[in-house]
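Keep the structure open while you read.

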Amino acid sequence: MTQAGKITWPNSGTLRVNFLGDSVGYRGSFASTLENSWRYLMRARLESVGPVAYGSYDHTHNANGNTVFTSVSNVSGGEDLTFVMLGTNNVREAQEYNAFSSDCASALDRVRAAAPDALLVVGGTWMPSNGGPWADCERVAHYNVLIAEQAHKHDGLYVPFTDLFDHAPNRHPTGDPAFGGYTTDGFHPNDTGHRAIYDRYRIALSL
């Protein structure tokens, strides 16, 4: 049986992994290439250990065109390891706390129903500790507390990122080319930021 940190490859020999997220948590936006996004860095690390197969899920945008907790449905199921990184857009939309917690719980319910035995890794929001122009510091902290609470209620591992956002080189300079025809915007992580997110997950998993 293959073991890497907190991750154990199943007897079948193939680790089943799923990633659920928004522009930061899944799409890898504003990395220079998709391969430099944290998700693909994690894929490469896992694949260096043993065989990996990837799950899927359905995704819809909300009325504002954003990916939020309610965007996730029809999770493929049977995963051994699942990453969930959502909630940033809920914060930017100033969702009411009870609704935020409820939507987070429902999303993790769907993940757990599909993969009851998975190692569940739940990322915090990609937001500054002072809230920036989107929220104040108390609100950002409280939103992340709510995510952490739901992660623990769903037997998951919570991983915070606010301090990584606060480190300006993880987002700046602006205007650098990014894959998909974008340029770095000062909010989303650049290559350095994606590497920092990957490292934070990697260390949390003892990889």
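P173 sits in the loop between α6 (162–166) and β10 (177–178). Helices (H or I, at least four residues) and strands (E, at least two) are DSSP runs, numbered from the N terminus. The peptide bond between H172 and P173 is cis, with omega about 5°.

This is a predicted model, in which local features need pLDDT of at least 70, side-chain atom pairs count only at pLDDT 80 or more, and totals for chains, interfaces and linings use all residues. Residues are numbered from 1 along each chain as its sequence is written, and side-chain values use heavy atoms, with hydrogens and water left out.

Two other loops hold backbone features. F30 is not a glycine, yet its phi is positive, about 75°. F30 belongs to the loop between α1 and α2. With a relative accessible area of 9%, F30 is buried. Buried means under 20% relative accessible area, exposed means over 50%, and partly exposed lies in between (1.4 Å probe, protein chains only). D155 also has a positive phi without being a glycine, near 55°. D155 is placed in the loop between α5 and β9 (156–159). D155 counts as exposed, because its relative accessibility is 64%.

Now turn to the helices. Two packed helices are described by the angle between their axes and the distance between the axes. Here, axes are lines fitted to C-alpha atoms, for helices over the stretch in contact, and angles run from 0 to 180 degrees between N-to-C directions. Take helix α2 (residues 38–47) and helix α7 (residues 191–204). They pack at about 45°, and their axes are 8 Å apart. α2 and α7 are therefore oblique to each other. Angles under 35 degrees count as roughly parallel, over 145 as roughly antiparallel, 65 to 115 as roughly perpendicular, and the rest as oblique.

Which residues of α2 and α7 make the contact? From α2 come W38, L41, M42 and R45, and from α7 come H194, R195, I197, Y198, Y201 and R202. Contact means heavy atoms within 4.5 Å. By class, this contact of α2 with α7 holds 6 nonpolar, 1 polar and 3 charged residues. Ala, Val, Leu, Ile, Met, Phe, Trp, Tyr, Cys and Pro count as nonpolar, Asp, Glu, Lys and Arg as charged, and the others, Gly among them, as polar.

Stay with α2. Its buried residues are W38, R39, L41, M42, R43 and L46. Their cover includes β2 (7–8), β3 (15–21), α1 (23–27), β4 (52–54), β7 (81–85) and α7. Residues up to four places away in sequence aside, L46 touches I7, W9, L15, V17, V52, L81 and L207.

V24 lies in helix α1. V24 counts as buried, because its relative accessibility is 4%. Neighbours within four places in sequence aside, V24 contacts W38, M85, W126, H188, P189, H194 and I197.

In soluble globular proteins, nonpolar side chains tend to be buried together. The largest nonpolar core here has 53 residues, of which W38, M42, L46, F83, I197 and Y201 touch the most other members. Such a core is a set of buried Ala, Val, Leu, Ile, Met, Phe, Trp, Tyr and Cys residues joined through side-chain atoms within 4.5 Å. Helix α5 (residues 137–153) gives this core its largest share, 6 residues.

α5 also packs against helix α4 (residues 97–114), at about 30° and with axes 9 Å apart. α4 and α5 are therefore roughly parallel to each other. Their crossing is right-handed. On the α4 side are Y97, F100, S101, C104, A105 and L108, which meet E138, R139, H142, Y143, L146, I147, Q150 and A151 of α5. The contact of α4 with α5 counts 9 nonpolar, 3 polar and 2 charged residues.

Finally, look at two asparagines. N90 lies in helix α3 (residues 88–92). N90 counts as buried, because its relative accessibility is 3%. Beyond its neighbours within four places in sequence, N90 contacts V68, F69, Q95 and F100. N66 is in the loop between β5 (58–59) and β6 (72–73). At a relative accessible area of 23%, N66 is partly exposed. Residues up to four places away in sequence aside, N66 touches T60, H61, S71, N89 and E93.

Conventions:
Left-handed = near helix turned anticlockwise from the far one by under 90°.
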